[in-house]
Amino acid sequence: MRKERGLLIVLSGPSGVGKGTVRKELFSQPNTNYEYSISMTTRQPREGEVDGVDYFFKSREAFEALIEEGGLLEHAEFVGNYYGTPLTYVNETLDAGRDVFLEIEVQGAAQIREKAPDALFIFLAPPSISELRDRLVGRGTETEEVIAKRIATANEEVEMMNLYDYVVENDEVQNACERINAIIMAEHCRRERVEKRYLSMLKGE
Ligand code: 5GP
């Protein structure tokens with residue numbers, strides 16, 4: 001029997017909502033059985049960030065060459081820097097029957113919606129916009145100008161919720177993680193997915 005292709009899981013949502021924190025928490029849990037796709041970016045590493053662990057840090061030239069070659073599943077320019085998902089890793093991992101987890105901003109998620117409509121789209125929502133601002137200011141790593149840009153972007157992003165299959169409010173990291181894991185589990189049991197597996201089994205594939 002042919003091995004079932006893995007599920008592509010896309011976690012997205014407004015800047016500052018806590019996508020990175022939720023993703024790190026999900027991957028720190030011992031029973032996580034999906035693979036994280038490390039993104040590429042042209043932004044400078046923050047203190048403590050490691051190349052090949054947090055991101056693959058690239059020059060603009062190298063990133064643009066990769067776009068040209070079609071080496072990215074999606075990419076977006078966000079607050080002056082490129083971010084993108086390496087295509088080969090995603091395809092190879094899915095083909096091996098493993099689920100792949102992406103944590104990306106909303107423009108990239110919209111591109112994947114077009115290219116891979118059977119992916120699972122989860123929108124991480126802020127409890128409120130005012131809390132979003134507090135979190136951005138509280139992080140202390142960005143200038144006022146960057147914060148203002150991120151907030152304007154976030155307003156648009158909230159309107160983009162309708163592209164997603166599920167909305168998880170990030171009221172508390174553990175709760176959000178539990179809901180995300182429950183959604184992934186349920187998604188594997190969806191009739192459409194199970195039916196496809198049974199039909200190919202019956203055809204002797
Ligand atoms: P940061 O610079 O704070 O690490 O990330 C900025 C934004 O880029 C976050 O919203 C993060 O989710 C998003 N991001 C990280 N990797 C990717 C990627 O591969 N593609 C896209 N489109 N966004 C990404």
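**Helix crossing and salt bridges**

A: Helix α1 (residues 19-28) and helix α7 (residues 173-188) have axes that come within 10 Å and cross at roughly 65°. Helices here are DSSP runs of H or I with at least four residues, strands are runs of E with at least two, and both are numbered from the N terminus. The axes are lines fitted to C-alpha atoms, for helices over the stretch in contact, and the angles run from 0 to 180 degrees between N-to-C directions. The two helices α1 and α7 are therefore roughly perpendicular to each other; angles of 65 to 115 degrees fall in that class, whereas those under 35 count as roughly parallel, those over 145 as roughly antiparallel and the rest as oblique. The crossing of α1 past α7 is right-handed, a label given if the near helix is turned clockwise from the far one by less than a right angle, anticlockwise being left-handed.

The model is predicted: local features need pLDDT of at least 70 and side-chain atom pairs count only at pLDDT 80 or more, while totals for chains, interfaces and linings use all residues. Residues are numbered from 1 along each chain as its sequence is written, and side-chain values use heavy atoms, with hydrogens and water left out.

Turning to charged pairs, the whole structure contains 12 salt bridges, each defined as a side-chain nitrogen of Lys or Arg within 4 Å of a carboxyl oxygen of Asp or Glu. One of them joins arginine 193 to glutamate 187, with the closest N and O atoms 2.9 Å apart. Arginine 193 counts as buried because its relative accessibility is 17%, and glutamate 187 is likewise buried, at 2%. Buried means under 20% relative accessible area, exposed means over 50%, and partly exposed lies in between (1.4 Å probe, protein chains only). A further salt bridge pairs glutamate 192 with arginine 190, at 3.5 Å from N to O. Here glutamate 192 is partly exposed at 38% relative accessibility, and arginine 190 is partly exposed at 33%. Glu187, Arg190, Glu192 and Arg193 are linked in a network of salt bridges.

Elsewhere, the side chains of glutamate 77 and arginine 60 form a salt bridge of 2.9 Å, N to O. Because glutamate 77 lies in strand β5 (residues 72-78) and arginine 60 in helix α2 (residues 60-69), this pair ties together parts that are 17 residues apart in sequence. Glutamate 77 is partly exposed, at 39% relative accessibility, and arginine 60 is partly exposed, at 31%.

The loop between β5 and β6 (81-86) holds valine 79. Most residues other than glycine have a negative phi. Valine 79, although not a glycine, has a positive phi of about 45°. With a relative accessible area of 26%, valine 79 is partly exposed.

Another arginine, arginine 150, belongs to helix α6 (residues 144-159). Its relative accessible area is 8%, so arginine 150 is buried. Arginine 150 and glycine 13 are 137 residues apart in sequence, yet their C-alpha atoms are 12 Å apart in space.

Finally, helix α8 (residues 191-202) includes methionine 201, which is partly exposed at 40% relative accessibility.
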